[in-house]
Structure formats: C-alpha cells, structure tokens
Amino acid sequence: MSYTVENLEKSMAKITITVSAEDFEAGMVKSYNKNKKSINVQGFRRGKAPRKMIEKLYGPEIFYEDAANFVIPDAYEEAAKECGLEIVSRPEIDVVEIEKGKDFVFSATVAVKPEVALGDYKGIEVEKKEVKIMAADVNAELERVREQNSRMITVEDRGIKKDDTATIDFEGFVDGEPFQGGKGTDYPLVIGSHSFIDTFEDQLVGKKAGEEVEVNVTFPEEYHEESLKGKPALFKVTIKEIKKKELPKLDDEFASEVSEFETLKEYKASVKKTLTERKKAEVKREKESAVVEKVVENATVELPAPMVDEQVQQMIQEFAGRLSQQGLNIDQYMQMTGMTTDMLMSQMRPEAEKRIKTRLTLEAVVAAEDIKATDKDIEKELENMAQMYQMEVEKVKEMIGDYEKEQIGLDLAVQKAVDFLVKEAAEVEPKEEEKTEE
C-alpha cells in the first residue's frame, strides 16, 4: 500500500491510495467465495463453478465491487494513520482505477482539522455580577418545598374552584355526533391549567361532585385535527370527585420534617446558604460562558462542511437518545411535528458550528499557552470515572487505551484553558441604564 496526499481548499484533503495487485487479488478471491453460491453457471452445481468460468461468462467486473469493499477499509485506515493528517470526517471514497491483475487505486476525500487564528483572548471584559440572595428568594424556595410536600384533600361541601383537581368523565359531540378522541373516563383536570380548549374549565367552576354538566366550546381555527377546526362542540361532563391542594404550615414542625433542622429559623438560614452557593455556581458558569463566547467571537476559523455534518449527525443521535428515554423514537417525533431529516439537520447546524468552533478555539488556547494535563490530573479523572461507574480504578484503566487516555488529557487541558481565560478576564461594573425623560 502506498499513498499521496493533496491538500484542498477549506481544510479538505484528498488521499490517493494504491493497493498492490497482489492484495487486490486477495480481495477478488474473497469476493468470489462470497458470491459464488448466488451465481448460476450451466453444468455446475450452485457454488461449484470455477472462478475462471464465472469471469469468462460475466467478466471479472462481477467481483469488483465486493473486492473493493474488502480492501478499502484496511488500506484507508493504514494510510490515515501514516499520513499525519488530523482527519475529522468520514472519507468520501472514489474508485480511480480498478482492473484484474493491476494495482487498485482509490481516493479518500476527508476534512482535516482547520487552523484557528486566535484574536484577543486575554483580558476579556465581562460584566461583574453580585451574588445576593433576598428574602423573596428564600420564601420562593420555601413555597416550592411546601408544594412538594402538599397533599390532595377531597372536597364535598362546595363547588369547584380554580386550582382544584376535578375527576371527570366526558364525551364530546360535534353536530350531534360523537367524535374520535372526544371521550375520557376518570380524567383528572386541574382547573385553571388550560389543558382543555376554550372555556371548558371555566364552565365547571361552581359545580359540585355528582353533577352532570353540558359544556359548550369552540375548537380553535389552528386545531391539529382538520375536521374539528373552528367547530362548535358540546361536551357532556360528569363530575365524579373534587380535590384541593393542602399545603403544610410553615412552622418548626414543617422544618423538622423536611430537613435536619429543628426550627424554621435554622432551616431558613440553611436554605439561604444553599441558594447562595447555587447562585455562586450559576454566576461562575455565566462568567465562563461569557468569556469563552467572546474569545470564540474574536477567533477566526473556516469549518469544513463534512466536519459540521459529522457533528450534526452526532447531535441527532444524542437527541434520539433523549427521545427514547421518553418512550419515543426519532421517526415518531418527526411524524408528530411534521419535521423532516433535512429540516432537523438544518435546525441543528448553527449549534453544531458553534460547538466545533468553541472546541477548536479552546484547543488553540491550549496550544498557545502550552497548557497540559498532568499525570495527577488524569489519575484523578480516572478515579472520578471509577466512582461514577461503580468500578475499581484498575478496571477502568484496563478499559482505557492510549487514544482514550490522550483524549481525557486533552479534555482536561481544555477545561484548564477555560479556567485560564476566566482568571485573565477583567470584571467591569455594569453600565448604568440611561435615564429617559418622562
């Protein structure tokens, strides 16, 4: 195997690879063995016809495609390793020369890692943000915890009110006829949630458990079901049960039940401390994002299209994984939303470009500042991984190859670059808003 490299525009390269006639012949033999059972030759039992006889009848070309597919992967992998290019996309393969008894020549067009021209990256100015937790923030958190610890109480002595949950049976009719999807049993409807169309929920207010109610509504013009758009409908509703949410009292007993503290005062102090730490972490993340965003804006890099395509495909796979956790697959999602694969790729492309440019820029900072992850850094990361996967560190090390270890080191170096940029950044006071005359 031999190869030549031609650098193309926009961070692309063409690797032309020559496979010896002997190696291509080995691929032809594999192709013959794969296909001989599916080729009919008169006078021979299926799979017993000699290769020369098949080639005489059909031409050696009958074996070319599979022979090429047998030799290309190994030849490309070897050339890709030896050529020294940082390849960042799948190869686009083209056959240059293919003939029995001769060298086999093909080309692989690939995207290579583009160079980044760093702009200003030290002393980036970012707006200073104070970490201040107000009494209203603490109260809001307490209310959230009260909501989490609420209970539903059955109501029997009054009609439905806003925020109640009414358990109902219902059936809908359009033009006097029931319609598909318009019937439900034991449906828990939160009054005021606006999960039902038009004024459906409003018309239940004041009604009591056991009552049968006729609810008149009109489907919206933009309703998803074509046959119901803009149509008036009558729903026959039976109210089976009414429940209201009861929140626990905000007192020492509540504090002792939801925390390790005995008094509400101590619990409030703890909540304030937790919110302060959370806010500090949020401000830190926001500062990091603001600094990195400006550094990336100041950098110049031209992204090869295949590299972006690869990132888009990876993002689609990640999205499909998240959908599967919700019990959906990507085809169902696209059917429900009217989205096509091309539309989804187009939608994700700007974010893909942003991710790539950010990573490349940070790697350029790593190189410019000679930032490295130490053996101690990598060891600690492996320990973290072992803890995450509940494995022994030595087992993790056995699973990690040299390439993976190198990538872990680069990831850690990139995070160090972020820390470096934030440390070098300059915090400035927020600009006072210009006062407008009334």
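1. Which residue with a positive phi follows α9? The residue is D370, and its phi lies near 50°. The model is predicted: local features need pLDDT of at least 70 and side-chain atom pairs count only at pLDDT 80 or more, while totals for chains, interfaces and linings use all residues. Residues are numbered from 1 along each chain as its sequence is written, and side-chain values use heavy atoms, with hydrogens and water left out.

2. Helix α9 covers residues 341-368, 28 residues in total. (Helices, H or I of at least four residues, and strands, E of at least two, are DSSP runs numbered from the N terminus.) From its first C-alpha to its last, α9 reaches 39 Å, close to the 40 Å expected at 1.5 Å a residue; the expected span is 1.5 Å times one less than the number of residues.

3. The buried residues of α9 include L344, M348, A352, I356 and L360; buried means under 20% relative accessible area, with exposed over 50% and partly exposed in between (1.4 Å probe, protein chains only). The buried residues of α9 pack against α6 (264-298), α7 (305-325), α8 (330-337) and α12 (402-424).

4. The packing of α9 on α12 has an angle of about 80°, with the axes 9 Å apart. Axes are lines fitted to C-alpha atoms, for helices over the stretch in contact, and angles run from 0 to 180 degrees between N-to-C directions. The two helices, α9 and α12, are therefore roughly perpendicular, a term for 65 to 115 degrees. On the α9 side, R359, L362, E363, V365 and V366 make the contact (heavy atoms within 4.5 Å); among their counterparts on α12 are L410, D411 and F420.

5. Four strands form an open antiparallel sheet in the order β1-β2-β4-β3; two strands pair if DSSP finds at least two bridges between them. Because β1 (2-8) and β3 (92-97) stand at the edges with a single partner strand each, one side of each has no neighbour in the sheet. The twist averages 20° from one strand to the next.

6. Eight bridges join β2 (residues 12-19) to β4 (residues 104-111), where I15 stands opposite A108. Helix α3 (residues 64-82) packs on the sheet, touching β1, β2, β3 and β4, and its direction makes about 55° with that of β4.

7. Seven bridges join β1 to β2, with Y3 partnered by I17. In their hairpin, which has three residues between the strands, K10 takes a positive phi near 55°.

Methods. Parallel < 35°, antiparallel > 145°, perpendicular 65-115°, else oblique.
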